[in-house]
Amino acid sequence: MTNPLEESPIEPIAAADPSAIEATSPETPAPPDRYECRSCGYVYEPAKGDERRQVAPNTPFESLPETWRCPVCGVKKYQFNNIGPAGKASGFDENLGYGIGVNALTPGAKNLLIFSVLGLGILLLLSFYGLS
Ligand SMILES: [Zn+2]
């Protein structure tokens with residue numbers, strides 16, 4: 001007599017835990033940092049890579065081989081300065097998390113917060129008028 005469970009080695013899929021799904025934030029990964037050559041000003045763009053040295057696009061600077069050199073002037077990796085990801089306003093990271101966390105809100109959430117506070121204030125005023 002065979003155990004029917006032994007014939008189905010596939011484990012039953014555990015019921016999805018909704019809290020586990022919510023824990024994974026939908027944030028997009030931060031764009032890789034760009035690096036500028038201190039010697040000649042060449043900027044290594046991770047999104048472009050380095051065609052001349054067969055570096056594939058989307059290769060972060062940190063992943064470049066130690067033998068990689070500046071394609072313009074030939075200096076080594078340590079001569080490069082991290083100048084942050086492309087297309088990002090300077091100081092943006094520093095501002096996040098300051099205050100009461102309002103800066104970390106999306107503009108939409110911020111508007112919602114502002115309007116709900118305004119709405120509460122108006123309701124409060126109206127209730128005073130209603131009392132008098
Ligand atoms: Zn250079």
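What share of the 132 residues in the protein is buried? Buried residues make up 5% of the 132, where a residue is called buried if 20 or more other C-beta atoms lie within 10 Å of its own, exposed if 12 or fewer do, and partly exposed in between, with C-beta atoms placed from the backbone. The structure is a predicted model, in which local features need pLDDT of at least 70 and side-chain atom pairs count only at pLDDT 80 or more, while totals for chains, interfaces and linings use all residues. Residues are numbered from 1 along each chain as its sequence is written.

Helices (H or I, at least four residues) and strands (E, at least two) are DSSP runs, numbered from the N terminus. Contacts give another view of the fold: two residues are in contact if their C-beta atoms, placed from the backbone, lie within 7 Å. Among contacts between residues at least 6 apart in sequence, 54% join residues at least 24 apart.

The three strands come together in an open sheet with the order S2-S1-S3 and antiparallel pairing. Strand S2 (43-44) and strand S3 (80-85) are at the edges, each with a single partner strand, so one side of each has no neighbour in the sheet. Two strands count as paired if DSSP finds at least two bridges between them. Strand S1 (residues 33-37) is joined to S2 by two bridges, and the two run antiparallel. Across this pair, tyrosine 35 stands opposite tyrosine 44 in S2, and glutamate 36 has valine 43 of S2 as its bridge partner. On the S3 side, S1 and S3 pair in the antiparallel sense over five bridges, with arginine 34 standing opposite glycine 84 in S3. In a regular strand the side chains alternate between the two faces of the sheet.

The hairpin of S1 and S2 has five residues between the strands, and within this hairpin glycine 41 takes a positive phi near 90 degrees. Serine 39 also lies in the loop between S1 and S2. Serine 39 is partly exposed, with 14 other C-beta atoms within 10 Å. Leaving aside neighbours within four places in sequence, serine 39 is in contact with Cys70, Cys73, Val75 and Gln79. Serine 39 and phenylalanine 80 are 41 residues apart in sequence, yet they stand 8.1 Å apart in space, C-alpha to C-alpha.

Phenylalanine 80 leads on to the core. The largest nonpolar core has five residues in all, namely Tyr35, Cys37, Tyr44, Cys70 and Phe80; a nonpolar core is a set of buried Ala, Val, Leu, Ile, Met, Phe, Trp, Tyr and Cys residues joined through C-beta atoms within 7 Å. Not counting residues up to four places away in sequence, phenylalanine 80 touches Tyr35, Glu36, Cys37, Arg38, Tyr44 and Phe61.

Most residues other than glycine have a negative phi, and most peptide bonds are trans. Glutamine 54, found in this loop, has a positive phi near 55 degrees although it is a residue other than glycine. Asparagine 58, placed in the loop between S2 and S3 as well, is not a glycine either and has a positive phi of about 65 degrees. Glutamine 54 is exposed, with 7 other C-beta atoms within 10 Å, and asparagine 58 counts as exposed with 12 C-beta neighbours inside 10 Å.

Alanine 47 is found in the loop between S2 and S3 and is partly exposed, with 13 other C-beta atoms within 10 Å. Leaving aside neighbours within four places in sequence, alanine 47 is in contact with Pro57, Asn58 and Ala86. The pair alanine 47 and alanine 86 is separated by 39 residues in sequence and by 9.2 Å in space, C-alpha to C-alpha.

Arginine 69 has its place in the loop between S2 and S3 too. With 17 other C-beta atoms within 10 Å, arginine 69 is partly exposed. Beyond residues up to four places away in sequence, arginine 69 touches Gly74, Val75 and Lys76. Arginine 69 and arginine 53 lie 16 residues apart in sequence and 8.8 Å apart in space, C-alpha to C-alpha.
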